[in-house]
Amino acid sequence: MATIKQTLDELMTLDGAMCAAVVDSASGMMLGSAGSGVDLEVAAAGNTEVIRSKMKTMRSLGLQDVIEDILITLGKQYHILRPSARKDGVFLYFVLDKQRANLAMARRKVQDVDKELNF
């Protein structure tokens, strides 16, 4: 099992990692963060709305499923949002430099650290 700090430190070891956060989707507040390059407080609050909106849309469509991750591809960055499988109402937010990152490895790393995250 890993703490929030250990989880974030592990994410930051990946090539292209810029910053990461563990976010409470009920409040939009960060439970922990690492790295720089994005205003993580603003991003945490804004991406909370992305998660809430997708959940609302899934309910409206009657989809009985879970979000594995949400990928936002920008011109220079990848943003990965992954609701935690270990703690309801929490998600991991990971920002990577698109030129240096391997997207498949990043998605796998977020999945792996989520499995070990302990609250």
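Visitor: What joins strand 3 to strand 4?
Guide: A hairpin, running through three residues. Keep in mind that this is a predicted model.

Visitor: Noted. How do strand 3 and strand 4 pair, and over how many bridges?
Guide: Antiparallel, over four bridges. Strand 3 covers residues 70-73.

Visitor: Which residue in strand 4 is the bridge partner of Ile70?
Guide: Leu81.

Visitor: Zoom out. What is the strand order in the sheet?
Guide: The order is 2-1-5-4-3. The sheet is open, has five strands and pairs antiparallel.

Visitor: Which strands stand at the edges?
Guide: Strand 2 (30-35) and strand 3. Each has a single partner strand, so one side of each is left without a neighbour in the sheet.

Visitor: And what does the twist average from one strand to the next?
Guide: It averages 10°.

Visitor: How many bridges join strand 1 to strand 5?
Guide: Seven, with the two strands running antiparallel. Strand 1 spans residues 17-24. Within this pairing, Ala21 has Tyr93 of strand 5 as its bridge partner.

Visitor: Now the helices. What does helix 2 touch?
Guide: Helix 2 packs on the sheet and touches strand 1, strand 2, strand 3, strand 4 and strand 5. Its direction makes about 120° with that of strand 5.

Visitor: Where does helix 1 lie?
Guide: Helix 1, residues 4-11, lies across strand 1, strand 2 and strand 5. It runs at about 150° to strand 1.

Visitor: Switching to charges. How many salt bridges turn up in the whole structure?
Guide: Six. One of them joins the side chains of Lys5 and Asp9, at 2.8 Å from N to O.

Visitor: How far apart are Lys5 and Asp9 along helix 1?
Guide: They are four residues apart, so about one helical turn separates them.

Visitor: Last topic, pockets. How much space lies in the largest pocket?
Guide: About 340 Å³.

Visitor: Which residues lie nearest its centre?
Guide: Met55, Ile67, Pro83, Ser84 and Asp88. The lining has 16 residues.

Visitor: Which elements each supply at least two residues of that lining?
Guide: Helix 2 (40-60), strand 4 (77-83) and strand 5 (90-97).

Visitor: What's the lining like by class?
Guide: Eight residues are nonpolar, three are polar and five are charged.

Methods: Residues numbered from 1 in each chain as written. Predicted model: local features only at pLDDT ≥ 70, side-chain atom pairs only at ≥ 80, totals over all residues. Heavy atoms only, no water. 1 Å grid on protein atoms, 1.4 Å probe; cavity = no way out; pocket = protein on both sides within 12 Å on 5 of 7 lines; lining within 4 Å. Points joined across faces, edges and corners; volume = space filled by probe spheres on them. Nonpolar A, V, L, I, M, F, W, Y, C, P; charged D, E, K, R; others polar. Pairing = 2+ DSSP bridges. Axes fitted to C-alpha atoms, helices over the stretch in contact; angles between N-to-C directions. Contact = heavy atoms within 4.5 Å. Salt bridge = Lys/Arg side-chain N within 4 Å of Asp/Glu carboxyl O.
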